[in-house]
Each structure stands twice: as structure tokens, then as C-alpha cells.
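Subject: Structure handover

Hi,

Here is the structure I said I would pass on. Please open it first, then read the notes below it.

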Amino acid sequence: MPQRLFAWIFFIGFTVTLAGCGTVAGVTGLGWATASHSSIDYDDSSWCVPRKLKKVLNRVASRYGEVTVHSTKRWWLENWRKGGARNSYHLNCQAVDFSVRGDPSTIIAYLKSQPEVGGYKYYASGHYHIDTGPRRTW
């Protein structure tokens with residue numbers, strides 16, 4: 001009986017963990033299985049970054065130096081509180097907000113040149129946003 005109870009608790013916990021990612025993008029995107037450059041510091045969960053965006057972050061770190069990731073997965077309430085878009089890619093583990101030192105126009109041009117990046121934006125606060133959606137900025 002204790003083994004069966006443990007199995008159910010594990011199953012429910014695993015299911016809730018996957019559901020917590022909004023979609024399985026954080027799991028199937030293999031971001032969790034892709035190593036991060038040693039100059040990347042995560043203030044948020046690294047497991048929720050899709051592989052293709054993690055590769056972009058690795059290239060940014062190699063080119064510009066230390067990268068600090070501030071936001072990956074957002075729950076709907078957090079997204080609302082931060083003024084995020086209703087259908088934000090952060091809700092589905094498909095977006096990253098980060099900061100890096102350097103000239104913002106140069107860094108935006110570099111991000112724009114990356115085929116894996118859909119949406120991109122530089123905020124006056126010094127943060128950059130990249131996501132896996134269609135090519136756009138706002």
C-alpha cells in the first residue's frame with residue numbers, strides 16, 4: 001500500500017510540474033538539457049528556457065559577456081501584475097527577459113540577426129526580451 005501511495009503522489013506531482021509550465025515547451029524544447037554558458041546567471045528558472053533561446057543566450061554571453069536572466073516562466077497573475085501581454089510567451093515558457101552590458105542598438109541588431117529569435121525588444125530599464133513567436137517588435 002505505501003508503494004502505491006508513493007507512486008500516486010509522484011505521478012500527481014510530475015503532472016502538476018508539467019502543467020505548471022503552461023505548455024510542455026519547457027520540457028520538449030529541451031532547454032533543461034542544454035548547457036548554459038558559464039557567464040549566464042539565472043534569477044529565474046533555467047529549465048523553462050527553450051533550447052533555441054538558450055543557444056541564443058549562450059552566443060550573447062560569448063560575444064558580450066555576463067548575461068543575467070530575469071524572467072522566464074510567468075504565472076498569469078505575475079504576468080498581469082508586471083503588465084505583460086494577455087497572450088505573453090512567458091506564460092508558455094517561450095520567452096526570456098535578460099540584461100547584458102553593451103550598446104543597446106548593437107545588441108538589438110545582434111538579436112535581430114538570430115534566426116531563432118521571433119519577438120525582440122529593449123526596455124529603458126536595461127532589459128532585453130526575446131521569444132519564439134513570429135518576428136516582431138513593439
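A salt bridge here is a side-chain nitrogen of Lys or Arg within 4 Å of a carboxyl oxygen of Asp or Glu. Keep that in mind for the pairs below. Note also that this is a predicted model.

**Overall layout**

The protein chain has 138 residues, and 40% of them are buried. Its secondary structure comes to 5 helices and 5 strands. Along the sequence, the order is α-α-β-α-β-α-β-α-β-β.

**Salt bridges**

How many salt bridges does the structure hold? There are 4. In general, side chains of opposite charge can pair when their charged atoms come close.

Start with glutamate 78 and lysine 82. Their side chains meet in a salt bridge, at 3.0 Å from N to O. Lysine 82 has a relative accessible area of 42%. That value lies between the 20% and 50% cut-offs, so lysine 82 counts as partly exposed.

Next, aspartate 97 and arginine 74. The closest N and O atoms of this salt bridge are 3.0 Å apart. The pair links distant parts of the chain, 23 residues apart. Aspartate 97 sits in strand β3 (residues 95–100), while arginine 74 is in the loop between β2 and α4. Are these two residues buried or exposed? Both aspartate 97 and arginine 74 are buried.

Then arginine 136 and aspartate 131. Here the closest N and O atoms are 2.8 Å apart. The partners fall into separate accessibility classes. Arginine 136 is partly exposed, because its relative accessible area is 26%.

**The largest pocket**

This pocket has a volume of about 350 Å³. Its lining has 19 residues. Which of them lie nearest the centre? They are Arg74, His90, Tyr123, His129 and Trp138. Arg74 is also the arginine of the salt bridge with aspartate 97. Strands β2 (67–71) and β5 (128–131) each supply at least two residues of the lining. By class, the lining has 10 polar, 5 charged and 4 nonpolar residues.

**A nonpolar surface patch**

Trp76, Leu77 and Trp80 form a nonpolar patch on the surface. Together they have about 470 Å² of accessible area. Leucine 77 belongs to helix α4 (residues 76–81). Its relative accessibility is 48%, so leucine 77 counts as partly exposed.

Cysteine 93 is in the loop between α4 and β3. Its relative accessible area is 0%, so cysteine 93 is buried. For context, most residues other than glycine have a negative phi.

Tryptophan 47 lies in another loop, the one between β1 (40–42) and α3 (51–64). At 37% relative accessibility, tryptophan 47 counts as partly exposed. How far apart are tryptophan 47 and cysteine 93 in sequence and in space? They are 46 residues apart in sequence and 9.0 Å apart in space, C-alpha to C-alpha.

**Where to start**

Then turn to the patch of Trp76, Leu77 and Trp80.

Best wishes

Technical notes:
Residues numbered from 1 in each chain as written. Predicted model: local features only at pLDDT ≥ 70, side-chain atom pairs only at ≥ 80, totals over all residues. Heavy atoms only, no water. Patch = residues over 30% accessible without salt bridge, like charges linked within 9 Å, V, L, I, M, F, W, Y side chains within 5 Å. Areas by Shrake-Rupley, 256 points an atom, 1.4 Å probe, with all protein chains shown as cover. Helix = DSSP H or I, 4+ residues; strand = E, 2+ residues; numbered from the N terminus. Buried < 20%, exposed > 50% of the residue type's maximum accessible area, 1.4 Å probe, protein only. 1 Å grid on protein atoms, 1.4 Å probe; cavity = no way out; pocket = protein on both sides within 12 Å on 5 of 7 lines; lining within 4 Å. Points joined across faces, edges and corners; volume = space filled by probe spheres on them. Nonpolar A, V, L, I, M, F, W, Y, C, P; charged D, E, K, R; others polar.
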